[in-house]
Amino acid sequence: MSSLDFIDTLVQAKQIYVRQQVEIGELFGYETRNRYGIQTQAGREFCYCKEPQRGWQDSLARLYLGHWRTFDLVATDNLSRPVFRIHHPWHWLLHRGQVFDQRDRYVGCIQQQFGWWNRKLVGFDANGTRIFSLRSPLWQPWHFPLTQAGRPIALINKQWSGLAKEMFTDADHFQIEFIASSLNFDRKLLILASALLIDLMYFERKAR
């Protein structure tokens, strides 16, 4: 698979799935590097996403700073060639994910917003134009609708991972449904990045 195949698969997809992979260390309470497989609706994995290992300092930051730390998620195709990257700068409060494509072109960013009872994210394109909003109400904490000018364009749902995974690990699965037919590659990539950041911000174990 080439990076062009990744682009075509994402552009043509109506639904994709993000499945976090379980590391053995998590069964003993140790927070490991996040790893995800991205699958088509038919179950074919067309992308693999993980945090690069940057030495013992990175392990300590993951353990003690949790999702507030600076980190990157690097995605590759089935031939280990890069297809996109998410950079998360250090933040104590509102988080931000900067998204880059396979050529390291800046695509846009996902910005967390303050909310008393809702989980709120906003997507911006490379020019800083607001292109979608995401708001998850308190009574539907696993349901993340994305809208543009009040119209639904996509839906991210956290799926049940199974009793053992839910109890003993923070491995999560997400379904992404692309509703609007006008979504291009950049928009879908930002929506995919939103699902990954939702997991890291809201469902990953916090710092000890």
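Author: Rings of Phe, Tyr and Trp are taken as a pair if their centres lie within 6.5 Å. With that in mind, and remembering that this is a predicted model, one finds that ring pairs link Phe-6, Phe-46, Phe-84 and Phe-185 into a cluster.

Reader: How many aromatic pairs does this rule give?

Author: The count comes to 6 aromatic pairs. In one of them, the ring centres of Phe-144 and Phe-203 are 6.4 Å apart and the planes stand at 85°, so this pair is edge-to-face, given that planes over 60 degrees apart are classed that way.

Reader: Which parts of the chain does the pair of Phe-144 and Phe-203 tie together?

Author: Phe-144 belongs to strand S10 (residues 143–148) and Phe-203 to helix H4 (residues 185–203), so the pair joins parts that are 59 residues apart in sequence. Both Phe-144 and Phe-203 are buried, and Lys-158 lies over the face of Phe-203, at 5.2 Å from the ring centre.

Reader: Over the face of which ring does Lys-188 lie?

Author: Lys-188 lies over the face of Phe-178, with 4.6 Å to the ring centre.

Reader: Turning to the surface, is Trp-116 buried or exposed?

Author: A residue is called exposed when its relative accessible area is over 50%; Trp-116 has 72%, so it is exposed. Trp-116 sits in the loop between strand S7 (106–113) and strand S8 (119–125), and it contributes to a nonpolar surface patch of about 1300 Å², whose members include Trp-90, Trp-92, Phe-114 and Trp-139.

Technical notes. Residues are numbered from 1 along each chain as its sequence is written. This is a predicted model: local features need pLDDT of at least 70, side-chain atom pairs count only at pLDDT 80 or more; totals for chains, interfaces and linings use all residues. Side-chain values use heavy atoms; hydrogens and water are left out. Patches are made of residues with over 30% relative accessible area and no salt bridge: like charges are joined within 9 Å, nonpolar side chains (Val, Leu, Ile, Met, Phe, Trp, Tyr) within 5 Å. Accessible areas come from the Shrake-Rupley method with a 1.4 Å probe; for residues, only the protein chains shown count as cover. A salt bridge is a side-chain nitrogen of Lys or Arg within 4 Å of a carboxyl oxygen of Asp or Glu. Helices (H or I, at least four residues) and strands (E, at least two) are DSSP runs, numbered from the N terminus. Buried means under 20% relative accessible area, exposed over 50%, partly exposed in between (1.4 Å probe, protein chains only). Rings of Phe, Tyr and Trp (its six-membered ring) pair if their centres lie within 6.5 Å; planes under 30 degrees apart count as stacked, over 60 as edge-to-face and the rest as tilted. A charge sits over a ring if NZ of Lys or CZ of Arg is within 6 Å of the ring centre and within 35 degrees of the ring normal.
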